[in-house]
Each structure stands twice: as structure tokens, then as C-alpha cells.
Amino acid sequence: MLKGLASLIPNASKTSRSSVDAAMSHTTSGQPVHIVLVGDSIFDNEVYVGRSGKSVIKHLNDKIPTEWKASLIAIDGDVVEGVIRRQIGRIPKDATHIFLSIGGNDALGAQGVTSKSVGSVAEALIALSAVRKRFKNSYDEMLKQLLKLKLPTTICTIYNPSYGDSPQQTVASMGLTALNDAIIEAALRNHLPVIDLKTMFSSPKDYANPIEPSTQGGDKITDAIMRIMNNYDFNSQKTEIFA
């Protein structure tokens, strides 16, 4: 178990404040709330839901009060290091809250390791540990750069793919457990709220294909964003899990 796991507090609606009052109390200068989505296709999923579906950013714009803004900076296919190179510099100057979902493509890039045949369980665990270490170092550096903006920030775990009852699903799920462990550690160390996509994505209907969120999945993601905006106190210095 992770050290400090006891400090995780399950989310609950503990306040009757309106979403506008709740979020405005977390800004430093009273400017209108501006939510920015950073990361990969978990947020930038329009191409996968098609014309008849609704993307994450469209869901979010439908749910926020008219006084707020929401911007999509996330790039389909991006990786952790790409957030530093391609995204942080594009975050609008009037941003007030950041939501980050990244790491799935890094996991895809490590498939060559997780699918490799080895001679023992010990060899497999050593290989997986090396993948986790590289991911952790990259993720920690990216998050360090992002937090320099000094904006209220929420991070997301990586959900499991939807390959059904197959060896591919088992291997992917076990590998992602190691990467999600690194993400939760980062949240605890930096006192950040977490959207636990791994728990949230529990139905095949949450997926547009085995690895991308559907209209229903995007609805769940943005419901979690709004719960955080409604209920989480960014001044609390607590890690809370929203799922």
C-alpha cells in the first residue's frame, strides 16, 4: 500500500454553496472562472465520438455557469513530456483552474515491455518496475512545471482499456496499476484532488473504442469536474478522490 494512503478522503457533497460561489472562493483575484483541460485524448476526444456524439469539452461547456469559461489545450495522442513542450505554454493567462489527464499514450508506448516474454515472474516485475520509474520521473517533472503556474490543479488516473475478457486486458490493467500508483503518489505529495478514471470507467459504454472515452464517458468525466468545482476546497491542502 502507498504511504499516506490514509489521507485520501472520499468525495461527498459537504457544502450547499452554489458552483459559482464555490469556485470563485478559490480564485486569487476574483476573476471569472476559466477551466483549462490539459493532457491527451481523454479530454480531446471529439474525433472519436463523431457528429452524433458529444465531446468532453462540449459536455463541460454545457454544464458550467454562463459566467465561466472552459478551454481545451489537451492534444490527442500527446504524452507526459509533451505537456511541457506543447501545452503548458498555451495555457491562457486568465486560466483559474487546471484539470490534467495524461499518461495513457505513455502506457501504450511501453507495450513492448509489458508484452515481452520473460523467464520468471521476477523478471516481469523488474521490467514493470523500470517502466514505472521512467514514467514517475517524467510525470513528476511535468507536474512540477505545471504547478509553477500556481493554479488550482486536479489530476486524473489512467483508466483501464476495454478489451473484454482477454489476456491483453489483463496485461494492460496490471501495467496501468503501476503507473496509477505513481500518479496517486504525486497527488499525495502535492496535496492535489484526483479524478479516479480507473474506477469511474466501469462500463463498455464509457468507451468509444477500446481506449477512448465515449459520449457517456465524457459525461462522467465532466460530472466529476463539476463535483470538484462545487465541493473541493483548493485551499485545504488535502488529497481527495473523486470517482
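Predicted model: local features only at pLDDT ≥ 70, side-chain atom pairs only at ≥ 80, totals over all residues.

Biologist: Let me begin with strand E4. What makes E4 largely enclosed by the rest of the structure?

Modeller: Buried means under 20% relative accessible area. Five of the five residues of E4, residues 97–101, are buried, so the strand is largely enclosed. His97, Phe99 and Ser101 point one way, Ile98 and Leu100 point the other way, and all are buried.

Biologist: How do you know that E4 pairs with strand E2?

Modeller: Pairing needs at least two bridges between two strands. E2, residues 34–39, is joined to E4 by five bridges, so the pair qualifies. The two strands run parallel, and Val36 has Ile98 as its bridge partner in E4.

Biologist: And how many bridges link E4 to strand E5?

Modeller: Three bridges, again in the parallel sense, with E5 covering residues 153–156. In E5, Ile155 stands opposite Leu100.

Biologist: Why is Asn180 called buried?

Modeller: Asn180 has a relative accessible area of 6%, and the cut-off is under 20%, so it is buried. This residue is found in helix H8, residues 167–190.

Biologist: What does the side chain of Asn180 reach?

Modeller: The side chain of Asn180 reaches the backbone nitrogen of Ile158 at 2.7 Å. A polar contact requires N or O atoms within 3.5 Å, so this distance falls inside the limit. Setting aside residues up to four places away in sequence, Asn180 touches Thr157, Ile158 and Lys198.

Biologist: Which residues touch the most other members of the largest nonpolar core?

Modeller: Val38, Leu100, Phe135, Tyr139, Leu143 and Ile155 do, in a core of 31 residues. Two or more residues come from each of E2, helix H4 (80–87), E4, helix H7 (121–147) and H8. H8 gives the most, with eight residues. A second, separate core has 29 residues, including Val33, Phe201, Ala224 and Tyr232. In soluble globular proteins, nonpolar side chains tend to be buried together.

Biologist: What does Tyr139 contact?

Modeller: Beyond its neighbours within four places in sequence, Tyr139 is in contact with Val80, Leu100, Ile102, Ile155, Cys156, Ile183 and Ala186.

Biologist: Now to helix H3, residues 56–63. Which residues of H3 are buried?

Modeller: Val56, Ile57, His59 and Leu60 are the buried ones. They cover an arc of only 155° around the axis, which puts them on the same side of H3. These buried residues pack against E2, strand E3 (69–72) and helix H10 (215–231).

Biologist: Why is His191 called partly exposed?

Modeller: His191 has a relative accessible area of 35%, which is between the cut-offs of 20% and 50%, so it is partly exposed. His191 sits in the loop between H8 and strand E6 (194–195). Its phi is positive, about 60°, although His191 is not a glycine.

Key:
Residues numbered from 1 in each chain as written. Heavy atoms only, no water. Buried < 20%, exposed > 50% of the residue type's maximum accessible area, 1.4 Å probe, protein only. Helix = DSSP H or I, 4+ residues; strand = E, 2+ residues; numbered from the N terminus. Polar contact = N/O pair within 3.5 Å; in protein donor to acceptor, adjacent residues only side chain to side chain. Contact = heavy atoms within 4.5 Å. Core = buried A, V, L, I, M, F, W, Y, C linked by side-chain atoms within 4.5 Å. Arc of directions from axis to C-beta.
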